[in-house]
Amino acid sequence: MADKNVLIIGGGVAGLAAAVELADLDIQVELIEKSNFLGGHAIGYACKAINNTCVKCGACMVEEKLQSAVSHPNIKILTGSQVQNISKNHRFTASIRQEPLVIDREKCTNCGLCLDRCPVDRTILQGFSKNNHPFYAVNKEKCLYFKDQSCTICKDECPETAIDLDKKASEHTIEAGAVLIATGFQPFNPKDKPYGYGRFKNVVTGLDLERMLKQFGRVKKPSGNKLLQKIAFIQCVGSRDAKLNHLWCSKVCCGSALRMARLIKERQPKTEITFFYMDVQTFGKDFEQFYREAREDIRMIRAIPGDFYEMDDQRLKVNFVDNPTHETMEEVFDLVVLSVGITPCEDIGPMSRMFKIGPDEFGFLKTDDKGMLVSKNGVFTAGTVQGPMSIPETIAGAGSAVWKIIKYIDGHELRFEKVTV
Amino acid sequence: MNNKTLILGNGPCAVAVAENLLTTGIAIVIATTDDTIGLDGSADSGALQILAEMRLISCKGSLGTFRIEAIQNNKPVTLDVGRIIIAEEDQRTSNFSLYGLNASSNVITLSHMKNVLHDSSCEKSILSEIKKVVFLTGFVKESSPVIAKEVMLSSLLLQKDYNLQTYILTKNLKVAGDGLESLYRETKEAGTIYIKFTDAVPDIHQGEEDNIRIEFFDEITSKNFRLTPDMTVVDETIVPSRYATGLAKIFHIESDVNGFVQADNVHRYSVLTNRKGIMVAGPSRDILADDDQRIDAENAALAVTGLASGETETKAKKAQVHAGQCIRCLTCYRLCPYHAITLNACVEVVPNACERCGICAAHCPRGAVRITDLEPGAISDLITTDTGRQPQKTFMPFIVAFCCHRSAAQARDLAICMGHRLPQGLQVVEVPCSGAVSYDHIFAALDNNADGVMVLTCHKGNCHSEQGNIYAGQTVEQIQEMFSRVGFEKERLLIQTLASNMGTEFARIADRFEETIVKIGPSRLKKN
């Protein structure tokens, strides 16, 4: 099966789901992931079950795909790795550069001592899943050793001698019969919006909140443990925005935000939540009921606020136009959550150059409707690199890519032109 | 094992499944309830058999050995297949009554309008005498992107090709579909006027001669408006076909709240059902856009191919019914979520279908169903008080937690990874499903000196075995009641739900439970 192996670029939901499907069919998979941890953005998402009932956000399925992938004998994984260049002569030959894995995966026991002892904040990074092994990684941007070699505390104190700060990057060559690009999305960076993200402590993104809920099980005020009473969710930050030419709905933010809002209401019932929106999108099979119940707990305002000001106590003054009265309202919130949209990931540039595939009008990397354009050459895409999609859609899309890949490597002609769905 | 695959349906999704499978050489049978199928004749080769006007009646057997009874042209037919893909079309119910309207020549459904616009055989003259068209969508019931797309596309054509003025009246415009935000902008540029309602809804009057008058307060301009359209197009609700709903019963497949033939359960992503070897694709399982139906067709083909690669199930690890003890009460048959129990001369377990969840063994009143490694004796052997522990001045409770291996057991591992300190006296016993936890297991824990027992299950609607967590809840409740009756602290038994990614919550639950047990003190059933 050596000539039937598949290179998957990206270890998020799409890459993992595709890897597991391929590996189950006895196809060897080489999975490379740029960051230190597998699972993509979604591995940081919290379970949003309320009233002991699953709300079908799909976050636990990411955990399951990751678990299956890391334990699968047919899947080889390289983290901290990127494709340097790729050539094709019947088969693909990719040269991969892997950043030094400072923490040895064989030796590390995930004891967390490195995190405890590191003197610089956010230098030892933590994973999100027990299947992120090692559970820790060294952030070279911040580490003093990488700056001026002034600190080796983690290395010295590691009881397993698992840390080697002098480790060198390595080069790998991977040959593959087909390539799947699953490099995911870039969450919209709201810095340029008048919402003070990055400057005001109590303005966070939906992704930040997901991770906060996963880590602490409840919402905290980033500025400190003062009373947290009023939270505002602002939808469509970076989506449905003509000024940015972001003429798409990110599909997942209404579901994520309303599910988180209800979870917070359940766990911290004294919190008052306001939801600023344009149109609430349908998500889940029992949306009608979910939405009805959500409106009982959550104040819904159909307006997108103009701007915020940070007050002396670090609370936020939010301006918005109240629709029924047409008056500009001003209200103070303890925490503002920006539901940032899905935007094309930064790897799309290099990918489209390397594989000579043009992005679509909005910058996403799509195969055409019938999967022909790209897949003819043995290059496939899956997941949010194609555009916004939810976790279940991503898993389904990965299956679809796998189907096209096995047709391709088996030498079958694709017959999509006859399908008239 | 029989690899032949039965496809149910005759719409685009069923055709797409068939076309995908035809490339694999797997033999296919397509059964349709009418006499049309969108496959061309050349496809009807040795690998493909089409059975028209066929309605299913029953299905026996399991993966690889399904036996279907059906009626074709009033004659009974028997069919043996290895796998089944349900890909029946959905249907639509018109929403006239939701808006207080009656169908008439100028009040029509969205499908009717689509036919007028796209079907060459359909009379287009009705568009020549009108100027204003109103679309009513999604303000009594929430709509879907599939319907929103059709509304916007129709409106765009009417504006551009017929030079009509269109209005779309809605609450939440559903743009969460590929290209819909762009389409929305395009319709606006073409002149479509959108009127969105938040809380209020318009007054709609259908007067004499079916003249429609719509009055509303516009939230943007704060003015009252009156619309008198020449034609009103009413949206529709997409529902599963009655035949598809019936198939769910025939195949013992769990449906969702709307009657679609797939449980609303994340473990069924994307085309799986609670029955191994039976997949459900496209409009039979959900309201899906065309692209998503195509993706479903590919996933269904992939699932069939995966199964065909020949997994042989070993009997040893699966549930086994001991005929001597079985009294044919059929508890196992009723409870098995995978329909893996067959009723022959003896009650038997089909190894191919059994997922080893343990529900049958836990609930058999005679102890006649057994699963290796899950018997109370085997579980009891796992539970060991740590005798090497230093004698403590303070009481350190011994806690046994029965954890579903898909959720709570994973959450425990995550909690440890995240650096949470778990109670020192906590012992986790992994079970394949919390539904496998029986009276015997819980008493085995108490008998082995546990001061407290936790049963940690998946959330409702997230159990791979559909109801395993519910059964666990019932078991715990009954034992708690028994405890109260005999004066034993029922607080020693706790049931909670968790997901695999809830490390912090696991730690919190374990911590609080330990506190509770410390307060109550050591169990009186403890042997020393």
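**View 1. Ser270(B) sits in the loop between α5 (242-251) and β18 (278-280) of chain B.** Helices here are DSSP runs of H or I with at least four residues, strands are E runs of at least two, and both are numbered from the N terminus. The peptide bond joining Tyr269(B) to Ser270(B) is cis, with omega at about -15°. A quick note for all views: this is a predicted model, where local features need pLDDT of at least 70, side-chain atom pairs count only at pLDDT 80 or more, and totals for chains, interfaces and linings use all residues. Residues are numbered from 1 along each chain as its sequence is written, with chains lettered from A and ligands numbered from 1 in the order in which they are written.

**View 2. A cis peptide bond links His133(A) and Pro134(A).** Omega is about -5° for this one. Look for Pro134(A) in the loop between β6 (124-126) and β7 (136-138) of chain A.

**View 3. Arg240(A) is not a glycine, yet has a positive phi of about 50°.** Its loop runs between β12 (230-237) and α7 (253-267) of chain A. Arg240(A) counts as buried because 21 other C-beta atoms lie within 10 Å (buried is 20 or more, exposed 12 or fewer, partly exposed in between, with C-beta atoms placed from the backbone).

**View 4. Gln314(A), also a residue other than glycine, has a positive phi near 70°.** Gln314(A) belongs to the loop between β15 (308-310) and β16 (316-322) of chain A. With 15 other C-beta atoms within 10 Å, Gln314(A) is partly exposed.
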